[in-house]
Amino acid sequence: LRLRLGKPETGKESVERIERRVELAAPPSEVWDAVTEELSEWFGAVADLRPRPGARATFRWPDGRERQAVVEAAEPERLLAFRWLPFERLPSGATVMVGPGRVELTLAPSGRSTVLTVTEWAAVPAPLAGGAGR
Amino acid sequence: MTEDRSAEVFAALADPTRRQLLDHLSRRGPASATELAESLPISRQAVSKHLALLEEAGLVAGDRSGRKRRFRLTPGPMSEAVSWMAGIGAEWDNRLEALRRHLRRR
């Protein structure tokens with residue numbers, strides 16, 4: 001499978017960003033464990049992710065979908081960033097191309113708690129981003 | 001978009017289940033209420049109730065196909081790109097709630 005990370009062919013796809021910030025009643029060391037080793041406990045997918053730049057991570061959803069990501073940054077108790085690879089394996093086993101995306105989790109201590117900021121950049125598919133409808 | 005309409009849209013998007021429905025429709029394309037109830041952990045009755053609210057806000061439209069209605073995202077009062085991102089945001093809202101529960105259990 002050859003990956004095309006360049007400009008999408010339609011040129012209409014747009015990359016948008018969402019951000020969520022929550023304060024968690026646990027120190028950064030515990031939150032770090034939760035966002036790495038214990039990711040499968042809450043992510044909604046069984047995740048195999050080693051917090052090491054360049055490591056390949058796999059996410060398997062209960063419906064059989066599977067996506068892969070590459071860890072871009074891993075600074076214990078501070079920052080975890082990974083890039084979704086632009087394909088997804090469907091429950092049928094077929095692989096389809098999907099928009100690329102990037103996820104960044106930053107941890108900051110706040111008293112005995114941790115402020116976790118999640119940012120995801122995701123590609124909005126061309127038919128939606130182009131505003132032409134379907 | 002009038003003030004009233006935007007309040008309706010944001011009220012519709014404030015609910016994680018409704019964002020999940022929008023997310024599903026934006027990823028998988030049009031679906032009936034029964035199909036949505038089968039692929040999401042939401043009852044058929046709840047799906048219908050949420051779809052009615054989303055339809056009122058102009059975010060989805062139901063097209064009749066035989067006896068069923070198939071719902072699709074509409075290029076409504078908000079851009080579809082915004083609806084799409086709201087879906088991804090909904091996914092994170094659910095995850096962060098689960099993360100909070102996980103940390104409490106530890």
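Tutor: In this predicted model, the rule finds seven residue pairs in polar contact across the interface of chain A and chain B, both residues of each pair being at pLDDT 80 or more. On the side of chain A that touches chain B, at least two residues each are supplied by β1 (14-24), α1 (28-35), β7 (101-110), β8 (113-124) and α2 (126-129) of chain A. The largest share of that side, seven residues, comes from β1(A). Sorted by class, the side comprises 19 nonpolar, one polar and 12 charged residues.

In terms of extent, 32 residues of chain A are in contact with 23 residues of chain B. The area buried between the two chains is about 2,500 Å², and carbon and sulfur atoms give 64% of this area. As to charged pairs, four salt bridges are counted between chain A and chain B. A salt bridge joins the side chains of A:Asp33 and B:Arg106, with an N to O distance of 3.6 Å.

The largest nonpolar core has 38 residues, of which A:Trp42, A:Phe43, A:Phe59, A:Leu116 and B:Trp92 touch the most other members. Several strands of chain A, including β1, β7 and β8, supply at least two residues each to this core, as does α5 (80-105) of chain B. The largest share of the core, seven residues, comes from α5(B). A second, separate core of 21 residues includes B:Leu13, B:Leu25, B:Leu36 and B:Leu51.

How values were computed. Residues are numbered from 1 along each chain as its sequence is written. Chains are lettered from A and ligands numbered from 1 in the order in which they are written. This is a predicted model: local features need pLDDT of at least 70, side-chain atom pairs count only at pLDDT 80 or more; totals for chains, interfaces and linings use all residues. Side-chain values use heavy atoms; hydrogens and water are left out. Contact means heavy atoms within 4.5 Å. Buried area is the accessible area (1.4 Å probe) that two parts lose on being put together, summed over both. A polar contact is a pair of N or O atoms within 3.5 Å; within protein, one must be able to donate a hydrogen and the other to accept it, and residues adjacent in sequence count only if both atoms are side-chain atoms. Helices (H or I, at least four residues) and strands (E, at least two) are DSSP runs, numbered from the N terminus. Ala, Val, Leu, Ile, Met, Phe, Trp, Tyr, Cys and Pro count as nonpolar, Asp, Glu, Lys and Arg as charged, and the others, Gly among them, as polar. A nonpolar core is a set of buried Ala, Val, Leu, Ile, Met, Phe, Trp, Tyr and Cys residues joined through side-chain atoms within 4.5 Å. Buried means under 20% relative accessible area, exposed over 50%, partly exposed in between (1.4 Å probe, protein chains only).
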